[in-house]
Amino acid sequence: MGKKSRVKTQKSGSGATTTASPKEMMNLISELLQKCSSPAASSGKEWEEYIQIRSLVEKIRKKQKGLSTVFEGSREDSFADLMSWAQENGASCDGFTITNFGTEGYGLRTTRDIKAEELFLWVPRKMLMTVESAQNSVLGPIYSQDRILQAMGNVTLALHLLCERGDPASFWSPYIRSLPQEYDTPLYYQQEDVQLLLGTQAVQDVLNQYKNTARQYAYFYKLVQTHPAASKLPLKDGFSFDDYRWAVSSVMTRQNQIPTVDGSRVTLALIPLWDMCNHTNGLITTGYNLEDDRCECVALQDYKENEQIYIFYGTRSNAEFVIHNGFFFQDNAHDRVKIKLGVSKSERLYAMKAEVLARAGIPASCVFALHCNDPPISAQLLAFLRVFCMTEEELKDYLLGERAINKIFTLGNSDFPVSWENEIKLWTFLETRAALLLKTYKTTSEEDRSILEKPDLSLHTRLAVQLRLAEKQILENASASGRAKRLQFQKKLDEGAPLPQFEESDIALLENNDPDAKLPVILHKLEEVEEGQGIEEEEPLLNGGKGDYGMGTGANGEAMLEKTQKVLGDVCSGLIPNGSSEQKGVQEAENCSASRTEDRPIDASA
């Protein structure tokens, strides 16, 4: 398991003064906001843009040296106060303690035996930092007037955290003092470590994360300095980039969705104590009990005294773990890489293929995933590739042929090929595409393994190379799997093997087996879908935009409300459906709700 966020003991910066005049600082901030709000860099220019933005940020950080508010003493010194505060406010504190687990960082250790599914941890709402508590805090007046904060709860939560950190009398002070003072997400990487990711799928998200954070900081710096409602904020006289980076990282690695008091909608929250749990494979074991108004967690497995307590963060890739959590999970059974595919609109059969795909609930241009395990493709990708490789006669059969509608149900089912020739084509395509993508990397898998054998690698360098190697291994597996399948179906074709025929009675079979492989494709969510971002067949591209990550701006740099739906973008986007810790992850918001429907946790509120 990857290392959690490191702790860096610092002396208090109280009383430090900036080396730049207010006017000079505001000029730098305006320049940064303008740079980060300009149109997206053209393909191949993203790294150059990153260097320019980073250079401006470093100028600002240099002039703000010593300005950030930090706490004296070590982080570990705060844990006793955290436990006492939690107990005083109704949280469970029996059965575990906070312990340093070496490379895994801090986590929860049992002080007694705990049985699987035993409710061992609960945290009442009053201890949580939420968007609602932010509205009732010193941040409330500016929240009521700023459209960005009103639109984006995660932004609100980050600034709420900073304001409370600046207040020595804050109710949440014991919790805030227990948080890391630095993180191992790419926001904290040296430039040369980020450069190691060039050519990978992850690099675009890393560059976007940095750009978004810089843009958001510049916007809120100007707001804090100029908005009348901000005059009483603790940030007024000291709001550094390092402060904002810390707050964003804290929220990004810890936020979760919980229901509002009346249960009518969800809101964002930071959940003290519980967020110390580390990740392992398993099932979601955390839910929210509305009757008792508290977050509850049951044990993932039997634990003996003095063992570490783990929770499962969800089905996240290592790219998500590295970018949003700062760790690499070596045994990640859910690792995957993205692959963008689309039917070329210039193709003669485009209309027919698009219609068959539409009947299956799949756009003609999609972002799919190649998985680390076998088979490397989902039912959705199998269906897409079958249609992608269909001949005109095969397309007619699925559009106009006998039982054409029923046959749509078979597109994602490996038991019912369209034809042996179609199977050979699609697996050949997959084999070739994966091989082409492997050639886009600047190093080989062997070279990466050799680098990882070096004992003196920095943690960030190691994380970058581990992620780079993991992407290649998935592509290598996909290419090898494509070759094996191609040979398998070529043999069936050569032998004249009969093609399995789908009967209407088989619908029951499809509905009662593995949902990812058997159910009609139309009933499943895609891993990730990007309409209108088609990839022509000949383009072996991996990286691509996810849409507007951050605040859209007009020519004058003013924020536009209609583009605030992802203000923090992948900086603080997803939500942890089961809990968080030093290794917290993020997930697309639509895949996790307060009821945790994606992974169906034990319903503690029942």
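## How the elements are named

Helices (H or I, at least four residues) and strands (E, at least two) are DSSP runs, and they are numbered from the N terminus. By this definition there are 21 helices and twelve strands in the protein.

The model is predicted, and local features need pLDDT of at least 70, while side-chain atom pairs count only at pLDDT 80 or more, and totals for chains, interfaces and linings use all residues. Residues are numbered from 1 along each chain as its sequence is written, and side-chain values use heavy atoms, with hydrogens and water left out.

## The protein as a whole

A residue is called buried under 20% relative accessible area, exposed over 50% and partly exposed in between, with a 1.4 Å probe and protein chains only. On this scale, buried residues make up 57% of the 606 residues in the protein. The accessible area, found by the Shrake-Rupley method with a 1.4 Å probe, where for residues only the protein chains shown count as cover, comes to about 25,300 Å² for the protein, and carbon and sulfur atoms supply 49% of this area.

Contact means heavy atoms within 4.5 Å. Of the contacts in the protein with a separation of 6 or more, 77% are between residues 24 or more positions apart.

Two strands pair if DSSP finds at least two bridges between them. In the order β4-β6-β5, three strands form an open sheet with antiparallel pairing. Because β4 (129-130) and β5 (256-259) stand at the edges, each with a single partner strand, one side of each is left without a neighbour in the sheet. Strand β6 has four of its five residues buried, so this strand is largely enclosed by the rest of the structure.

The pairing can be followed residue by residue. β4 and β6 are joined in the antiparallel sense over two bridges, and the partner of Met129 in β6 is Leu270. Between β5 and β6 (residues 266-270) there are four bridges, again with the strands running antiparallel; among the partners in β6, Leu268 belongs to Gln257 and Ala269 to Asn256. The hairpin of β5 and β6 has six residues between the strands, and Gly263 in this hairpin takes a positive phi near 75°.

## A second hairpin

Glu117 has a phi of about 70° and belongs to the loop between β2 (106-110) and β3 (119-124); with 57% relative accessibility, Glu117 counts as exposed. Leu273, with phi near 70°, lies in the loop between β6 and β7 (278-279), and this leucine is buried, with a relative accessible area of 0%.

A further loop, between β12 (365-371) and α14, holds Pro375, and the peptide bond from Asp374 to Pro375 is cis, with omega near -5°.

## Two helices

Helix α14 (residues 379-388) is mostly covered, with ten of its ten residues buried; among them are Gln380, Arg386 and Phe388.

In helix α12 (residues 318-324) one finds Ala319, a residue that is buried, with a relative accessible area of 18%. Once its neighbours within four places in sequence are left aside, Ala319 is in contact with Asp335 and Leu467. Ala319 and Val206 are 113 residues apart in sequence, and their C-alpha atoms are 9.6 Å apart in space.
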